[in-house]
Amino acid sequence: MVNLLEKDNFLITRSYNGGYIKFFIKIFFVKLSFKIKDKKLHTNGQNNNIYIKDNGILKKAIKKIPDLKIDIDGKNNTLIIGSSCKFTQSVIVCNGNNNSIIIENSNYSFSKLFINLCSEFNERKIHIKENVSIGGARLHCWGDNSRIIIGENSMLSTGINIMSGDGHIIFDKLTNKYLHNNDNGFCEIGNHVWIGMENIICKNTKISDNCIIGAGSVVTKSFDEENCIIAGNPAKIIKRNINWDISGKI
Ligand SMILES: CC(C)(COP(=O)(O)OP(=O)(O)OC[C@H]1O[C@@H](n2cnc3c(N)ncnc32)[C@H](O)[C@@H]1OP(=O)(O)O)[C@@H](O)C(=O)NCCC(=O)NCCS
């Protein structure tokens with residue numbers, strides 16, 4: 001009887017040991033695969049490349065950029081990021097083919113930046129030039145061959161939406177004729193432009209150098225005049241011959 005019990009206990013202990021070992025090995029490999037996956041840049045599709053630009057030289061990115069989620073699909077898409085760029089809570093999504101996103105070096109950080117090249121549009125371009133600061137902006141490139149350019153030394157506050165197209169088609173109810181083309185749209189922000197809080201910059205707009213866009217404005221047309229304050233919905237020039245400085249104190 002005693003012998004039998006000892007035998008049973010031995011068997012039970014042995015089977016538990018085996019189970020635990022297998023369980024811990026499984027956990028180890030699951031954790032490891034998550035770690036490897038987490039470090040990898042997320043690119044699917046074909047010939048999509050992510051480069052880090054350092055002193056004008058492009059090197060293929062091999063590990064994740066801290067606090068920047070990248071999701072690329074489609075074909076022949078290129079993402080170039082300056083080596084000094086710092087991100088917080090930022091996301092880049094790119095689908096379609098032959099799109100390019102360039103983010104040049106900056107002394108400032110990019111916070112809550114969402115670059116939205118989702119949908120299957122092609123040949124789109126986003127270029128954030130040198131020394132731009134972003135507190136919270138969504139850049140939506142909708143339509144084939146559309147582009148968003150942010151000039152150097154520009155400052156984008158929080159809650160900003162910039163869209164180079166409308167994203168959907170509008171047509172005449174009676175004739176079914178398209179009222180506008182979603183393709184070839186653009187938003188060109190000049191150099192040293194300050195875009196205040198909660199702004200919407202619509203398609204086919206240009207803002208010239210050294211301008212300020214007042215808080216909560218909706219920009220629906222181009223402004224060719226430099227050094228202006230533009231504000232309201234729809235935005236209009238409210239002051240001329242101004243300039244601004246990033247410092248908060250005189
Ligand atoms: C645009 C701005 C800088 C203009 O400041 P300002 O030169 O002192 O302008 P004023 O207060 O003298 O206003 C001039 C006129 O423009 C109007 N105006 C000012 N800002 C406006 C705005 N955002 N939208 C609509 N109208 C505006 C004023 O009502 C005033 O109209 P009136 O002449 O009919 O009375 C300021 O109003 C603003 O929007 N600041 C927010 C900046 C921001 O977002 N900072 C976040 C940190 S990045």
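I take two strands as paired if DSSP finds at least two bridges between them. Strands are DSSP runs of E, at least two residues long, and helices are runs of H or I, at least four long, both numbered from the N terminus.

**Entry: source.** I am reading a predicted model, where local features need pLDDT of at least 70, side-chain atom pairs count only at pLDDT 80 or more, and totals for chains, interfaces and linings use all residues. Residues are numbered from 1 along each chain as its sequence is written.

**Entry: strand 17.** Which strands pair with strand 17 in the parallel sense? Strand 14 (residues 147-150) runs parallel to strand 17 and is joined to it by four bridges. Ile149 there stands opposite Glu188. Strand 20 (residues 205-207) also pairs with strand 17 in the parallel sense, over three bridges. Ile207 in strand 20 is the bridge partner of Ile189. I then looked at the faces of strand 17 (residues 186-189): Cys187 and Ile189 form the covered face, Phe186 and Glu188 the uncovered one.

**Entry: ligand.** I listed 13 residues around the ligand, of which Ser157, Gly196, Gly214, Ala215 and Ala231 come nearest. Strand 23 (229-231) and strand 24 (236-239) are the elements that give two or more residues to this shell.

Conventions. Near = placed C-beta within 6 Å. Buried ≥ 20, exposed ≤ 12 C-beta atoms within 10 Å, placed from the backbone.
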